[in-house]
Amino acid sequence: MAVLTKQQKKNISYLIKISILLCAAIFIYKRLTDNSNLRNFEQLMADLHPQEVTLTLVGIFLLMFFNWFLESIKWKFLIAKVEVISIRKAIESIFCGLTWAVFTPNRIGEYGGRIFFLSPRKRIQGAVLMSVGHISQMVITNIAGAIALLWFLHQFVIKDINLLFAIGFVIAVFCFFLILFYFNIHWLNSLLSKLKFLNRFTSYFTVLTNFSQTELIKVMLLSLGRFAVFTSQYILIIHVLVPEIPYYQISLLVFILFFVQSALPSLDLLDIGVRSMTATYFFSFITHQEIAIMAAASLIWLVNLIIPAILGSFFVFKLNFFD
């Protein structure tokens with residue numbers, strides 16, 4: 001088998017990086033130029049007090065940076081199991097991962113965007129550790145969403161108290177097993193080791209056995225912080241556009257929105273359609289301002305995913321594909 005020269009590796013590396021940037025640019029441009037919800041948002045903002053609009057948008061932008069800063073801290077903490085990286089490197093890898101994520105199914109490219117900032121021998125373990133952070137985020141999203149869904153069913157759909165108790169019991173069991181699984185994350189090592197096609201990677205999964213309960217709680221708290229941040233973003237913008245909706249109802253319906261999104265396979269740039277339709281359906285039970293809700297969902301999508309993906313493009317050339 002021919003061994004690549006240093007120059008060949010360099011050329012291939014540049015070709016991959018340019019391809020990533022082109023794919024991201026094409027997808028982002030296409031979705032931004034064909035998004036009527038964002039145009040609706042501009043029209044809605046024109047009818048509001050400029051100072052209120054400015055403060056709201058600044059708040060949402062600051063929360064976006066805080067959100068990804070928390071994720072960077074979490075990533076730095078997780079990856080310290082195999083490699084120590086600076087907070088700056090963690091931030092760069094997070095944003096670069098988002099550039100990959102926008103044009104890959106289920107944001108799978110986010111893994112590549114992060115692990116190629118690591119030493120070659122640490123990348124598979126890095127992907128495994130990254131999954132721990134995603135699982136902690138999923139646990140919080142699913143528990144909050146399931147509880148909010150029970151409230152929604154009781155408030156708007158089901159009046160039979162016995163049926164509600166039955167659904168509540170199922171949700172309680174569901175939440176219990178999510179927490180049980182997360183705080184026994186080493187079980188995942190045993191499960192993955194039993195899959196024959198993963199036999200060659202078995203040694204990399206043992207990193208899952210190195211987490212203490214205290215460490216898992218720290219990761220969970222960082223995930224909870226992120227959940228609170230992007231919930232606050234929705235509360236800010238929806239309250240400005242539809243002020244008559246109580247804060248607690250906005251929060252609970254947003255929990256359901258996150259819950260539904262986490263359950264559906266999607267592509268980040270097409271995900272806005274899922275977000276808008278889901279938000280419109282559930283909020284339709286408490287308001288007829290469908291355009292405002294869809295506009296709010298589009299704005300959060302733009303701020304939390306598209307703008308970070310654009311910023312991440314500046315770090316793509318720092319990726320290290322070869323040793």
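**Salt bridges and helix contacts in a predicted model**

Arg88 counts as exposed, because its relative accessibility is 58%. This model is predicted. Arg88 lies in helix H4, which spans residues 87–101, and so does Glu92. The two are 4 residues apart, about one turn of the helix. Their side chains meet in a salt bridge, at 3.4 Å from N to O. Glu92 has a relative accessibility of 8%, so Glu92 counts as buried. The cut-off for buried is under 20%.

Why can such pairs form? Side chains of opposite charge can pair when their charged atoms come close. How many salt bridges does the count come to? The count is 6.

Now turn to Glu71. With 3% relative accessibility, Glu71 counts as buried. Glu71 forms a salt bridge with Lys74, and the closest N and O atoms are 3.2 Å apart. Both residues sit in helix H3 and are 3 residues apart, so about one helical turn separates them. Lys74 is buried too, as is Glu71.

Glu71 also has a salt bridge with Arg114. Here the closest N and O atoms are 2.9 Å apart. This pair links distant parts of the chain. Glu71 is in helix H3, while Arg114 is in helix H5, residues 109–115. They are 43 residues apart. Arg114 counts as buried because its relative accessibility is 2%.

Stay with helix H3, which covers residues 50–79. Thr56 has its place there. Is Thr56 buried or exposed? At 8% relative accessibility, Thr56 counts as buried. Which residues does Thr56 contact, leaving aside neighbours within four places in sequence? They are Leu236, Ile237 and Val240.

Next, look at how two helices meet. Two packed helices are described by the angle between their axes and the distance between the axes. Take helix H1, residues 6–33, and helix H13, residues 290–312. Their axes come within 11 Å and cross at roughly 150°. The crossing of H1 and H13 is left-handed.

Which residues make this contact? From H1 come Ile28, Arg31 and Leu32. In H13 they meet Trp301, Leu302, Ile306, Ala309 and Ile310. By class, the contact has 7 nonpolar residues, no polar ones and 1 charged residue.

Technical notes. Residues numbered from 1 in each chain as written. Predicted model: local features only at pLDDT ≥ 70, side-chain atom pairs only at ≥ 80, totals over all residues. Heavy atoms only, no water. Axes fitted to C-alpha atoms, helices over the stretch in contact; angles between N-to-C directions. Left-handed = near helix turned anticlockwise from the far one by under 90°. Contact = heavy atoms within 4.5 Å. Nonpolar A, V, L, I, M, F, W, Y, C, P; charged D, E, K, R; others polar. Buried < 20%, exposed > 50% of the residue type's maximum accessible area, 1.4 Å probe, protein only. Salt bridge = Lys/Arg side-chain N within 4 Å of Asp/Glu carboxyl O.
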